[in-house]
2 protein chains.
Amino acid sequence: MTNPAQNQILGILGGGQLGRMVIQAAINYNQDIHILDPDANAPCKDIAQAFEVGSLKDFDTVLAFGKKCDVITVEIEAVNTEALQKLADEGKKVFPQPHILKLIQDKREQKQFYQQHGIPTADFVLTADKADVVSKKDFLPAVNKLGKEGYDGRGVQILRSEADLEQAFDAPGLLEKLIDFDKEIAVTVARNEKGELIAYPAVECAFHPTANLVEFLFAPAEISPEIEAKAQEIAKDVILKLDMVGILAVELFVTKSGEVLVNEIAPRPHNSGHHTIEANFTSQFEQHLRAVMNWPLGDPSLRCPAAMINLLGEDGYSGEAIVEGKEEAMAEKGVYIHLYGKKLTKPFRKMGHVTLLDESVSSLKAKANRIKELIKIKSNA
Amino acid sequence: MTNPAQNQILGILGGGQLGRMVIQAAINYNQDIHILDPDANAPCKDIAQAFEVGSLKDFDTVLAFGKKCDVITVEIEAVNTEALQKLADEGKKVFPQPHILKLIQDKREQKQFYQQHGIPTADFVLTADKADVVSKKDFLPAVNKLGKEGYDGRGVQILRSEADLEQAFDAPGLLEKLIDFDKEIAVTVARNEKGELIAYPAVECAFHPTANLVEFLFAPAEISPEIEAKAQEIAKDVILKLDMVGILAVELFVTKSGEVLVNEIAPRPHNSGHHTIEANFTSQFEQHLRAVMNWPLGDPSLRCPAAMINLLGEDGYSGEAIVEGKEEAMAEKGVYIHLYGKKLTKPFRKMGHVTLLDESVSSLKAKANRIKELIKIKSNA
């Protein structure tokens with residue numbers, strides 16, 4: 001008769017916008033959430049049932065935090081996986097599992113994992129340091145990635161020709177064949193402990209030319225049913241081969257010849273799924289909750305076409321954030337503004353996002369450009 | 001360039017589920033909300049930026065609370081309107097305006113207001129006390145309403161024949177002609193300070209046979225376009241004649257002869273609009289926020305058919321709440337559970353609601369009955 005799950009505490013490592021949107025979903029289920037974040041002003045601070053300031057990378061801090069929770073998850077990969085492993089060993093539910101976080105923390109291991117498990121991905125070679133990259137210059141044009149510490153576009157650069165070798169990363173990394181892709185898409189999959197597995201429809205990403213962050217996203221992706229099926233199958237294959245519980249965003253390249261290759265994965269709610277709050281029957285944030293709490297998974301299908309725009313801090317502005325154009329944008333039909341509660345802006349900082357709903361992807365393209373020009377995050381400084 | 005509204009504090013008198021759902025909408029706009037509620041465990045306590053325990057009926061408490069806010073609104077009508085009037089006189093924005101709350105607090109004044117302004121409503125006579133009701137027995141069958149202190153079905157009873165006169169209210173009230181209605185519907189309207197005015201599509205209410213609370217709600221209402229237009233026109237007329245800013249739920253009877261009569265009104269988010277969170281382009285909670293903050297109003301139209309079920313505490317159970325059947329319900333497509341964070345249940349207490357989305361109202365009717373049987377709020381005691 002009783003439902004023991006309803007009194008469990010879910011701990012999240014990280015209290016940024018992803019955690020904030022998970023909490024927004026959790027409120028409807030009376031699901032208490034405890035947050036650990038190094039920033040005392042992190043976006044979750046006012047809405048978590050408990051908010052603790054501390055390092056996500058410190059063994060003792062993460063261990064002590066986790067001991068107070070029943071289920072532990074993350075909204076960022078850069079966390080102390082040894083502490084999480086110890087918590088898992090002691091019987092806590094930790095999803096995604098610590099070994100997956102460890103794998104994701106190192107792009108070299110990630111690529112080798114794909115190779116070993118027959119998951120299609122761009123060809124690559126491992127590189128030990130800058131000299132090693134230079135010695136492998138025949139592999140160019142390539143993407144040079146740092147093994148560790150890359151995030152939000154950092155630690156990734158394109159080396160097109162020998163002239164670019166000067167800036168090669170001088171630390172363990174890899175060179176990945178530069179893919180002349182037709183589209184970049186993403187498929188989110190989720191899996192719970194019972195083994196239920198769902199995949200969201202593919203979305204199409206358009207990246208910011210300089211910041212290497214998703215600028216626009218359109219759902220559904222304009223791809224053939226065959227490519228859609230292939231992308232969903234690959235994404236499901238990745239989460240199964242990882243034996244992962246939780247939500248996994250799989251970013252993929254669609255090549256001009258119709259190949260589908262895994263680019264990057266993120267074992268948590270991801271920027272490519274923000275539109276699901278309004279556009280899908282179950283949002284990625286609620287799905288994450290359902291997956292890690294071992295609740296039944298929700299219907300991932302799309303209710304209507306959508307676009308998503310990241311609201312990045314304008315270049316040239318740092319300081320207390322001012323949102324320009326909010327009311328003009330709110331006056332339009334099908335415009336959903338999400339601000340992340342960050343007091344301070346800086347160039348390209350993720351300050352919020354906007355989801356747009358409309359009849360078709362083509363009408364959304366014009367609307368997305370217009371709304372993007374309307375809303376600007378600046379500061380007085 | 002700057003948007004001063006973004007740093008304004010919105011104070012809400014009442015921290016129950018309606019306030020809670022307003023906060024859920026406000027998070028997306030970084031809109032800080034302060035709550036005053038007499039219950040230290042009210043549903044808003046963990047998610048408001050500031051949560052103060054105090055009486056909503058005490059002049060000094062409400063005044064002191066309001067002084068710390070820029071805009072003040074309510075989620076319940078039973079508040080100290082003198083304090084609100086003083087705050088308004090001192091330049092605070094108070095929406096709905098205090099005189100409207102005062103009017104709503106007295107059903108006698110409300111009915112006279114309709115009469116004076118040509119708003120169609122059931123015929124009535126004022127009654128001073130029980131003896132006065134008895135002396136007006138020719139008016140039966142009628143609804144006997146207490147002037148003040150009625151809420152959630154309390155203070156309202158049907159007097160069908162002389163035998164019922166024994167239980168007539170012995171305080172100032174009224175007798176209203178019992179309407180042999182075909183349907184009960186509700187239209188929510190919203191208006192901001194700039195004068196923008198929108199109306200939601202009519203919804204159809206089905207009441208619980210004994211608790212006098214909405215049991216099921218279906219959107220859209222199954223009524224003719226003419227009745228729909230008439231209902232929307234009447235609801236707009238009411239908010240305009242009240243000169244009200246905020247959101248107003250207008251409950252209406254549709255008689256067998258096609259008349260549309262105002263039954264009750266509520267100048268706040270209302271049970272008849274809960275489905276708008278998932279079913280409409282703008283939820284009533286966000287609309288309330290937009291209206292009182294003088295932001296542009298949002299599109300009220302329906303995205304797809306919906307039903308809403310109130311989750312009331314089961315009769316016979318009091319104590320720490322246990323939600324039965326939650327996971328079975330979550331496994332179904334288009335089922336959205338909203339729990340209100342109330343630790344303790346009692347018979348007929350509003351503990352949550354469920355919104356259902358589906359292709360048509362007819363498919364929703366079967367689904368609503370099934371889900372209602374599935375989810376039960378009980379306790380171990």
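Where in chain B does B:Pro141 lie? B:Pro141 is found in the loop between helix 6 (130–135) and strand 7 (142–146) of chain B, where helices (H or I, at least four residues) and strands (E, at least two) are DSSP runs, numbered from the N terminus. This is a predicted model, in which local features need pLDDT of at least 70 and side-chain atom pairs count only at pLDDT 80 or more, while totals for chains, interfaces and linings use all residues. Residues are numbered from 1 along each chain as its sequence is written, chains are lettered from A and ligands numbered from 1 in the order in which they are written, and side-chain values use heavy atoms, with hydrogens and water left out.

**Cis peptide bonds**

- In chain B, the peptide bond that joins B:Leu140 and B:Pro141 is cis, with omega about -5°.
- In chain A, a cis peptide bond with omega about 0° joins A:Leu140 and A:Pro141, and A:Pro141 has its place in the loop between helix 6 (130–135) and strand 7 (142–146) of chain A.

**Positive phi values**

- B:Asn30, a residue other than glycine, has a positive phi near 55° and belongs to the loop between helix 1 and strand 2 (33–37) of chain B.
- With 24% relative accessibility, B:Asn30 counts as partly exposed; buried means under 20% relative accessible area, exposed over 50%, and partly exposed in between (1.4 Å probe, protein chains only).
- B:Phe348, again a residue other than glycine, has a positive phi near 65° and is located in the loop between strand 19 (344–345) and strand 20 (350–357) of chain B, where its 27% relative accessibility makes it count as partly exposed.

**Helix 1 against helix 9 in chain B**

- The axes of helix 1 (residues 17–26) and helix 9 (residues 284–292) of chain B come within 8 Å and cross at roughly 75°; axes are lines fitted to C-alpha atoms, for helices over the stretch in contact, and angles run from 0 to 180 degrees between N-to-C directions.
- Helix 1 of chain B and helix 9 of chain B are therefore roughly perpendicular to each other, on a scale where angles under 35 degrees count as roughly parallel, over 145 as roughly antiparallel, 65 to 115 as roughly perpendicular and the rest as oblique.
- Helix 1 of chain B contributes B:Leu18, B:Met21, B:Val22, B:Ala25 and B:Ala26 to this contact, and helix 9 of chain B contributes B:Phe285, B:Glu286, B:His288 and B:Leu289, contact meaning heavy atoms within 4.5 Å.
- By class, the contact of helix 1 of chain B with helix 9 of chain B has 7 nonpolar, 1 polar and 1 charged residues; Ala, Val, Leu, Ile, Met, Phe, Trp, Tyr, Cys and Pro count as nonpolar, Asp, Glu, Lys and Arg as charged, and the others, Gly among them, as polar.

**Buried helices**

- Helix 9 of chain A is mostly covered, with 9 of its 9 residues buried, and these buried residues include A:Gln284, A:Gln287, A:His288 and A:Arg290.
- A:Glu286 lies in helix 9 of chain A and is buried, with a relative accessible area of 11%; leaving aside its neighbours within four places in sequence, A:Glu286 is in contact with A:Ala25 and A:Tyr29.
- In helix 4 (residues 98–105) of chain B, the buried residues are B:Pro98, B:Ile100, B:Leu101, B:Leu103 and B:Ile104, and the elements that cover them include helix 3 (81–89), helix 5 (107–116), helix 7 (225–242) and strand 15 (260–266) of chain B.

**Aromatic pairs and charges over rings**

- Over all chains, the structure holds 8 aromatic pairs; rings of Phe, Tyr and Trp (its six-membered ring) pair if their centres lie within 6.5 Å, and planes under 30 degrees apart count as stacked, over 60 as edge-to-face and the rest as tilted.
- One of them is the tilted pair of A:Tyr29 and A:Trp295, at 5.1 Å centre to centre and with 50° between the planes.
- A:Tyr29 lies in the loop between helix 1 (17–26) and strand 2 (33–37) of chain A and A:Trp295 in the loop between helix 9 (284–292) and strand 16 (306–312) of chain A, so the pair ties together parts that are 266 residues apart in sequence.
- A:Tyr29 is buried at a relative accessible area of 2%, and A:Trp295 counts as buried at 0% relative accessibility.
- A:Phe216 and A:Phe218 also form a tilted aromatic pair, 6.2 Å centre to centre with 35° between the planes.
- A:Lys333 lies over the face of B:Phe281, at 4.9 Å from the ring centre, given that a charge sits over a ring if NZ of Lys or CZ of Arg is within 6 Å of the ring centre and within 35 degrees of the ring normal.
- B:Lys365 lies over the face of B:Phe218, at 5.5 Å from the ring centre.
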